[in-house]
Amino acid sequence: MERKDWPLWEVFVRSKAGLNHKHSGSLHAPDAEMAISNARDVYTRRSEGVSIWVVESKHIHSTLETDSDSMFDPNEDKIYRHPTFYDIPDEVGHM
Amino acid sequence: MEKKKALFNYLLRLADNAAILGHKLSEWCGHGPELEEDIAIINTALDLLGHARSIYTYAGEVEGKGRDEDDIAFLRIEREYKNALICELPNGHYGDTIARQFLFDQFNYLVFSELVNSTDETVSAIAAKAIKEIRYHLRRSTEWTLRLGDGTEESHNRIQESFNDVWSYTGDLFVEDESDGLIVSAGIGPDLKIIRPIWREKVKAVLTEATLTTPEDGWMHSGSKEGRHTEHMGHLLSELQYMQRAYPECEW
């Protein structure tokens, strides 16, 4: 079977209710329904998830590696951008 | 015939269906048409193996001769296996495998849906666990039937031929004997005469949606319930049983 007709899909799995869907990996499938089915078989057969999203990889837009300097570097040296000067009560938990 | 013997026969048929079809599917391991499909079809094989294990174990208890799942699975002669003939057919090309799988999944789903309400508590508990997996098997083989049937001209023609070829083995699924009669009257399992028209209707609906023609019922193979198998069964068992025959009681 020719693989050229099978697009690549990115798979996002929600590990339990209340948590975010996280990227699990990618796979090939002929359409969305089979992509979900394949994702179930490839990524969630050991109770890893309760919900699956798939999106065709071509619909994901990404930053370019060559843009890393201008995109991300300037953030580190301006400490006032980080709200690290507040005392957070323990009850708040992880922020 | 006593009820215990009928139940043992009935359990063997259920377990042998799962074990033998699971074994056939396992031959795809490493040979699937796509990596993802390879994993998916082997998941089905593993599910079926799981069903077979729990049913063999219960069959051993019902029989009361101290046989465990392995004794029953590996150490019988061909005539003592009672799986439906469709389960032992060669994998062929992927369309052949899908056609065989879809027709069996639809049957298995209808039977296990009823076994969930069995008067036998162990059967009902095993069925309640298995039905979730069987529902998924049916969903998957249905999706593939739709895609191959309503796909390209070549995929359409090839899977139509697969359904035509395998059709004469479907009658064997619905043959009833004395054990079935006792099982039905005891409320342990469903009446296959009731299942058959529902099965045909469901199969026809999917094949029609897949732009395929449902074959007409003609002459049908039969014999599985007396242990009369196709020419393929001996070869299958020689592989399946090799380790236990060559190294009796070996474990790993």
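I began with chain B and counted its secondary structure, which comes to 10 helices and zero strands; helices here are DSSP runs of H or I with at least four residues, strands are runs of E with at least two, and both are numbered from the N terminus. I kept in mind that this is a predicted model, in which local features need pLDDT of at least 70 and side-chain atom pairs count only at pLDDT 80 or more, while totals for chains, interfaces and linings use all residues. Residues are numbered from 1 along each chain as its sequence is written, and chains are lettered from A and ligands numbered from 1 in the order in which they are written.

**Chain B overall.** I read the pattern of chain B along the sequence as α-α-α-α-α-α-α-α-α-α. The radius of gyration of chain B is 18 Å, close to the 18 Å from the globule rule for 252 residues, so chain B is as compact as a globular protein of that length; the radius is taken over C-alpha atoms, and the rule is 2.2 Å times the number of residues to the power 0.38. I also noted that the C-alpha trace of chain B spans about 55 × 40 × 35 Å along its principal axes.

**Helices α2 and α5 of chain B.** I looked up how these two helices meet and found that the axes of α2(B) and α5(B) come within 11 Å and cross at roughly 165 degrees. Axes are lines fitted to C-alpha atoms, for helices over the stretch in contact, and angles run from 0 to 180 degrees between N-to-C directions. α2(B) and α5(B) are therefore roughly antiparallel to each other, the classes being roughly parallel under 35 degrees, roughly antiparallel over 145, roughly perpendicular from 65 to 115, and oblique for the rest. Among the residues that make this contact I listed A40(B), H51(B) and Y58(B) of α2(B), and I126(B), E133(B) and R140(B) of α5(B); two residues are in contact if their C-beta atoms, placed from the backbone, lie within 7 Å. The residues of this contact divide into five nonpolar, five polar and three charged, where Ala, Val, Leu, Ile, Met, Phe, Trp, Tyr, Cys and Pro count as nonpolar, Asp, Glu, Lys and Arg as charged, and the others, Gly among them, as polar.

**Helices α4 and α8 of chain B.** I then turned to α4 (residues 94-115) and α8 (residues 192-209) of chain B, which pack at an angle of about 135 degrees with their axes 10 Å apart, and that makes α4(B) oblique to α8(B). Including L103(B) and F107(B), residues of α4(B) meet residues of α8(B), including W199(B) and K202(B).

In chain A I found three strands that form an open sheet in the order β2-β1-β3, with antiparallel pairing; two strands pair if DSSP finds at least two bridges between them. β2 (21-28) and β3 (51-56) of chain A stand at the edges with a single partner strand each, so one side of each is left without a neighbour in the sheet. The twist averages 25 degrees from one strand to the next. Strand β1 (residues 8-14) of chain A pairs with β3(A) over six bridges, and I noted V55(A) in β3(A) as the bridge partner of E10(A). Helix α1 (residues 32-43) of chain A packs on the sheet and touches β1, β2 and β3 of chain A.

**Where the chains meet.** Last, I looked up the contact between the chains, which takes nine residues from chain B and 12 residues from chain A. α2(B) gives the most to the side of chain B that touches chain A, with four residues.
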